[in-house]
Amino acid sequence: MSALLQLENVSKAYRQPQQGLFNRQKTPVINNVSFSLKQGECLGIIGASGSGKSTLGKLILGLEKPDHGKIYFDGHEMQTRTWRKLQLQRQLSAVFQDYNASVNPYFKVAQIIGEPIAIYTNMSKKDRQQRIEQLLEQVGLDHSFYHRFPHEISGGQLQRVCIARAIACDPKFILFDEAVSSLDISVQTQILALLAELQKQLNLTAIFISHDLTTITYLCNRVIFFQHGTIVESIDDITQLKQVQNSYSKQLLQSILGF
Ligand SMILES: Nc1ncnc2c1ncn2[C@@H]1O[C@H](COP(=O)(O)OP(=O)(O)O)[C@@H](O)[C@H]1O
Ligand SMILES: [Mg+2]
């Protein structure tokens, strides 16, 4: 089966603010990254803070352009007309760490979830309301949340709303960037269980970016170890995680196995 997402030798460098306004030099953040993802696969990307994970996520979503290399989604090169159409239809979707910053505080829950549906589909108002109810139920929130504002619900509940919005237009791919990292441990567990359930129900193709290997082992069937913008190791079968060779990967694995 051909890949849903494909990265070929992708590189990106940024000019660091502290280097001054007239300094033309850039610091490499992503170095020659290649991998592909098939439909139905869930890939984990693990790396320390600052290793370039979120930048990689932004490149995949088309929010940033690579300096070198190519990214294909469903066979279409990024930024081409067909790719843009897929992007507009919300075939690529995302859930970020900062749920507070990713919603409009003046929107009610129903508006937050319903916005992409209203913009990107032709659903009637009545069908849209029904779809919002269905999505709320799917993420474990009852009807009483429909008319609430973000400040009237907890962080875990707001992240559920963001997940409902992310799946609202039946995306082909979802990127989760540290989606549970800001939540309390007990809430993290609940959200992970929800994501595992949704994954089964919707046969999601997803990338879970995290600095925490436990999150990744819970949800993913593949994992990429990422260090200084480079893939240092990839494991294509999560059950073979103990076979890691690279010293950095071993270190991360030991930290969760506790020896
Ligand atoms: N828009 C930007 N401009 C300049 N530097 C950036 C930008 N975005 C990220 N960086 C830098 O790139 C590096 C990797 O950042 P990031 O991708 O956020 O890492 P991670 O998500 O793994 O913590 C950091 O050193 C960060 O400061
Ligand atoms: Mg990040």
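This is a predicted model: local features need pLDDT of at least 70, side-chain atom pairs count only at pLDDT 80 or more; totals for chains, interfaces and linings use all residues.

Q: What's the strand order in the open sheet?

A: The order is 6-7-8-3-9-10, 6 strands with mixed pairing. At the edges sit strand 6 (92-95) and strand 10 (230-235), each pairing on one side only. On average, neighbouring strands are turned by 20 degrees against each other, ignoring direction.

Q: Switching to helix 8, which residues are buried there?

A: Tyr248, Ser249, Leu252 and Leu253 are buried in helix 8 (residues 247-257). They span an arc of only 135 degrees around the axis, so they end up on the same side of the helix. Ser247 and Gln251, on the other side, are exposed.

Q: And what covers the buried ones?

A: The cover includes strand 3 (42-47), helix 7 (213-219), strand 9 (222-227) and strand 10.

Q: What caps the N-terminal end of helix 8?

A: Asn246 does, with a side-chain oxygen 2.8 Å from the backbone nitrogen of Tyr248.

Q: Last topic: which residues touch the most other members in the largest nonpolar core?

A: Leu213, Val223 and Phe225, out of 52 residues. Helix 5 (residues 155-167) gives the largest share of that core, 7 residues. Leaving out residues up to four places away in sequence, Leu213 touches Ile46, Val223, Phe225, Leu241, Leu252, Leu253 and Ile256.

Terms used
Residues are numbered from 1 along each chain as its sequence is written. Chains are lettered from A and ligands numbered from 1 in the order in which they are written. Side-chain values use heavy atoms; hydrogens and water are left out. A nonpolar core is a set of buried Ala, Val, Leu, Ile, Met, Phe, Trp, Tyr and Cys residues joined through side-chain atoms within 4.5 Å. Buried means under 20% relative accessible area, exposed over 50%, partly exposed in between (1.4 Å probe, protein chains only). Helices (H or I, at least four residues) and strands (E, at least two) are DSSP runs, numbered from the N terminus. Contact means heavy atoms within 4.5 Å. Two strands pair if DSSP finds at least two bridges between them. Axes are lines fitted to C-alpha atoms, for helices over the stretch in contact, and angles run from 0 to 180 degrees between N-to-C directions. The arc is that of the directions from the helix axis to the C-beta atoms. A polar contact is a pair of N or O atoms within 3.5 Å; within protein, one must be able to donate a hydrogen and the other to accept it, and residues adjacent in sequence count only if both atoms are side-chain atoms.
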